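Welcome to a short briefing on this protein chain. Please take a look at the structure below, and then we can walk through its overall build, its aromatic rings and its surface.

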Amino acid sequence: MSQHTIIVIKMNSSNPFKNLKSDLPSSVVVFFVALPLCLGIALASGAPLFSGLIAGIVGGIVVGSISGSSVGVSGPAAGLAAIVLTAIGTLGSFENFLLAVVLGGAIQFIFGILRAGVIGYYFPSSVIKGMLTGIGIIIILKQIPYFFGYNSNSHESLNLLQFEGKSFFSEIFNSVNFISPGATAVALIALLILLLWSEVLSSKGKIFQLVQGPLVAVLVGIIYFVCTQGNILWGISSELLVSVPVPEDASTFLAQFSFPNFAAISNPQIWITAFTIALVASLETLLCVEATDKIDPLKRVTPTNKELLAQGVGNVLSGLIGGLPVTQVIVRSSANIQSGGRTKMSAILHGFLLLISVILIPNLLNKIPLSVLASVLFIVGYKLAKPALFVNMYRLGWKQFTPFVVTVLGIVFTDLLIGIALGLSVGVVVILIKSFQNSHFLHIEDHSNGAHKIKMTLAEEVTFFNKGAILKELDSLPHNSSLELDVTKTRYLDNDIIEILEDFSQKALRRKIDIKLVSVRGVVKNPESFIQFFQLRPQKTT
């Protein structure tokens, strides 16, 4: 993309309607990605299916309108499903849980006011890439049973390792024995359409860019279902189709909404759940913002504090009308970017599409085979977890590759937050190792006549993390040698290091080691007290 093109797009972003030719097709793709995710996450959360759709609508229209993100898409998040499932049981009712969602949104709003969004910048790039890759792998694995038309509750679980006598991986292999020919056939057709569209047709003309492959695949899936309905071999049974509530009239539609039980506001468990939702949802949103900004072709930067404010408003509204908690979601956001979305209109339009479809065409939506949606998600997952990414991370060295792999494995085999925590833990260990290695520089000047002249130059900042490395070097100095300790470039010296030097000065007398301390104050030979020299506290040596 040329610089001129980028400037034009940035200018157009002030008027989102000028980018409708990109945002409208992308919103359709995000809609078809979001629809099964909204329903699936609600199912995994033990909540009414309609609550997932409400969260998707609020995340698109409300959060999308307030958010400062140009390409981020919000909705119900898989990472919160386990928390929601536990909370509904603990709090006694779904209405009590909705109160916790409302309060959690209010707490998020306060986070935004307090400018807490800065914490999102402290996550290493390797962990963020690992998060994206891990989610991509899970998306692919979770859709395998749907692809083959295997109807089993196991693929609704968020954890790939089950503890009920069988694992998710065993269920994948088991699905081969229960393949639905019709569901598999239409899934293969949809996958071929998607590949043909992305690899060949998208560059052949504007019509193929306006009408996206996922939309064509879904329409083909509906046509296939209608044409094969009633066929024993090639037909698709109703449990392998999208299931959206079908309201009979306006009153029955409104009856699907639930409302929070404000009478339970004095319950301490409500507040504990609210803080948990606020913290976890904020963390997931900030991580997604960081990841989304990285894959945004225009490299725009999302204001994180404004994002927390938007998410807080969205969660308050979602909880008030019976929806699940909302976060910015990497699956929908990446689908938006991959489909050419340029401004927030894509996210907003996808919310309106969810709303319109639920009201006007639920019967048509209920004719979409889940296996077709699985094909769409296969492509999304592959783009997040390309094998080339593993190769690139490996080439960057073990300090980048190790946190990346640990994050991926942690997310795949446990859950999102545990995987991120493991990756961060490894990242901290890597930082400690790097700090250990870079605390000082050692130079041996002369070995003549057995006299060792060693120069040790301390780094700009030396903290207690560096104790082990410096102590090891000092203890290894031979008898009858001389040490020049250069701290002229050191801006901060921790008291722990000063104490090590103080102890070493006493050992040096016994081992006949001469010490020359070089600092910006001058040169001191065999200082009587390092503590006195550095004034009894961690020092800025300048």
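Two rings of Phe, Tyr or Trp (its six-membered ring) count as a pair if their centres lie within 6.5 Å. By that rule, ring pairs join F390, Y394, F401 and F404 into a cluster. Please keep in mind that this is a predicted model.

**Overall build**
- The protein chain holds 23 helices and nine strands.
- Of its 542 residues, 51% are buried.
- Among contacts with a separation of 6 or more, 79% are between residues 24 or more positions apart.
- The accessible surface comes to about 24,700 Å², and carbon and sulfur atoms account for 64% of that.

**Aromatic rings**
- The whole structure contains eight aromatic pairs.
- One of them is edge-to-face: the ring centres of F50 and F257 are 5.3 Å apart, with the planes at 85 degrees.
- F50 belongs to helix 3 and F257 to the loop between helix 11 and helix 12, so this pair ties together parts 207 residues apart in sequence.
- F50 is buried at 7% relative accessible area, while F257 is partly exposed at 22%.
- F401 and F404 make a tilted pair, with 6.4 Å between centres and 35 degrees between planes.
- These two sit three residues apart in helix 19, about one helical turn.
- F404 is buried at 0% relative accessibility, whereas F401 is partly exposed at 23%.
- R521 lies over the face of F533, 4.6 Å from the ring centre.

**Nonpolar surface patch**
- F352, I356, I359, L360, I361 and L364 form a nonpolar patch of about 540 Å².
- Helix 15 gives the most to this patch, with four residues.
- I361 lies in the loop between helix 15 and helix 16, and is partly exposed at 36% relative accessible area.

Notes
Residues numbered from 1 in each chain as written. Predicted model: local features only at pLDDT ≥ 70, side-chain atom pairs only at ≥ 80, totals over all residues. Heavy atoms only, no water. Patch = residues over 30% accessible without salt bridge, like charges linked within 9 Å, V, L, I, M, F, W, Y side chains within 5 Å. Areas by Shrake-Rupley, 256 points an atom, 1.4 Å probe, with all protein chains shown as cover. Salt bridge = Lys/Arg side-chain N within 4 Å of Asp/Glu carboxyl O. Buried < 20%, exposed > 50% of the residue type's maximum accessible area, 1.4 Å probe, protein only. Contact = heavy atoms within 4.5 Å. Phe/Tyr/Trp six-rings, centres within 6.5 Å; stacked < 30°, edge-to-face > 60°. Lys NZ or Arg CZ within 6 Å of the ring centre and 35° of its normal.
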